Amino acid sequence: MAVENILREREKGGSHMNRKKIAGLCAVLLLLICGCENSAVFLPDMSAYIACGEGETWSAAFTLFSEDFSFKPEEVSAVELPSFGDAVDIAELRVEKAEMGKKYESLAVTFSFTPLKEGTFKENKLILHFRDGSKAEYPIGEWVLDAGEKTEGALLTVADQIAATSNNEKLLYSYELAPGAKVVRIQYGPDAWIEDENGLSAKGEIALPQGADIHYIREKITVEYEGEEYTYYSMGCYYGALTPLGENRLEEWEKNSGK
């Protein structure tokens, strides 16, 4: 199954998520397998830095792999990111069968995700709750939510779609600035940023830290205009998501999942 390089649906604020956008996010995280084995439930080796404004709805997508799932999609009643607690609102859960290889099945878990307060929150596990009262916990790598204020206005224009690429070594960015505005800081991790009070280039690349096979990064951009600073956010990109995967990589993910 082919994956398009760019997800064509625009990420929008608000609580409504259309099905095409969800399907696009699932496609990026499916990572396409033509035959791999083993039976434990596991997720891709992935990390995320998600910078967004308080009250801004973001579309979350996870893909679970297993040789033989012990539950059906309709048996999942809720999803939880426990460390985020009441800092986020989770709604519109969907669990659907996704890509099936020769030996592995996969399930796409998608939901809307809205920060309710400003702050930095970290998560490393996903919990599924089932209708019979049981639950299952899965490691998801290091996910960081950086929720802050969002500037309204047109000082900075970013791409209006989520991107995906096989590259997982460099963050590529390109912004359009209003006359007189300049980018003074780009933050792409909880403790990772570049800055220049004289102004950064509006187009460039940043070396990414190595570790996870896939990084989802939604960077925070600080713009200075007439002596004042304003905060903007990119739509984000899944770095490394389009790299073809084989049996060895899936087995490595399963091993690292804590089986």
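Visitor: How do the residues of the lining of the second largest pocket divide into nonpolar, polar and charged?

Guide: Rolling a probe the size of a water molecule over the atoms shows where empty space is left. In this predicted model, the lining of the second largest pocket has 12 nonpolar residues, six polar and one charged. The volume of this pocket is about 350 Å³.

Visitor: Which residues lie nearest the centre of that pocket?

Guide: Of the 19 lining residues, Ala159, Ala163, Leu172, Tyr173 and Cys237 lie nearest the centre. At least two lining residues come from each of β9 (163–165), β10 (170–174) and β18 (237–239).

Visitor: Now the cores. Which residues have the most contacts inside the largest nonpolar core?

Guide: In soluble globular proteins, nonpolar side chains tend to be buried together. Here the largest nonpolar core has 42 residues, and Phe62, Leu64, Phe71, Phe113 and Leu128 have the most contacts inside it. Strands that each supply at least two residues of this core include β2 (58–66), β5 (105–115) and β6 (119–130). Apart from this core lies another, of 24 residues, with Ala178, Leu200, Val223 and Cys237 among them.

Visitor: What is Phe71 in contact with, leaving aside neighbours within four places in sequence?

Guide: Phe71 contacts Leu64, Val76, Leu107, Leu128, Phe130 and Tyr138.

Visitor: How many disulfides does a search of the whole structure find?

Guide: A disulfide is a covalent bond between the sulfur atoms of two cysteines. The search finds zero here.

Visitor: Why does Cys237 count as buried?

Guide: The cut-off is under 20% relative accessible area. Cys237 is buried because its relative accessible area is 8%. Cys52, at 0%, therefore also counts as buried.

Definitions and conventions: Residues are numbered from 1 along each chain as its sequence is written. This is a predicted model: local features need pLDDT of at least 70, side-chain atom pairs count only at pLDDT 80 or more; totals for chains, interfaces and linings use all residues. Side-chain values use heavy atoms; hydrogens and water are left out. On a 1 Å grid over the protein atoms alone, a cavity is a set of points where a 1.4 Å probe fits but cannot get out, and a pocket is an open set with protein on both sides within 12 Å along at least five of seven lines; lining residues have an atom within 4 Å of a point. Grid points are joined across faces, edges and corners, and a volume is the space filled by probe spheres set on the points. Helices (H or I, at least four residues) and strands (E, at least two) are DSSP runs, numbered from the N terminus. Ala, Val, Leu, Ile, Met, Phe, Trp, Tyr, Cys and Pro count as nonpolar, Asp, Glu, Lys and Arg as charged, and the others, Gly among them, as polar. A nonpolar core is a set of buried Ala, Val, Leu, Ile, Met, Phe, Trp, Tyr and Cys residues joined through side-chain atoms within 4.5 Å. Buried means under 20% relative accessible area, exposed over 50%, partly exposed in between (1.4 Å probe, protein chains only). Contact means heavy atoms within 4.5 Å. A disulfide is a pair of cysteine sulfur atoms within 2.5 Å.
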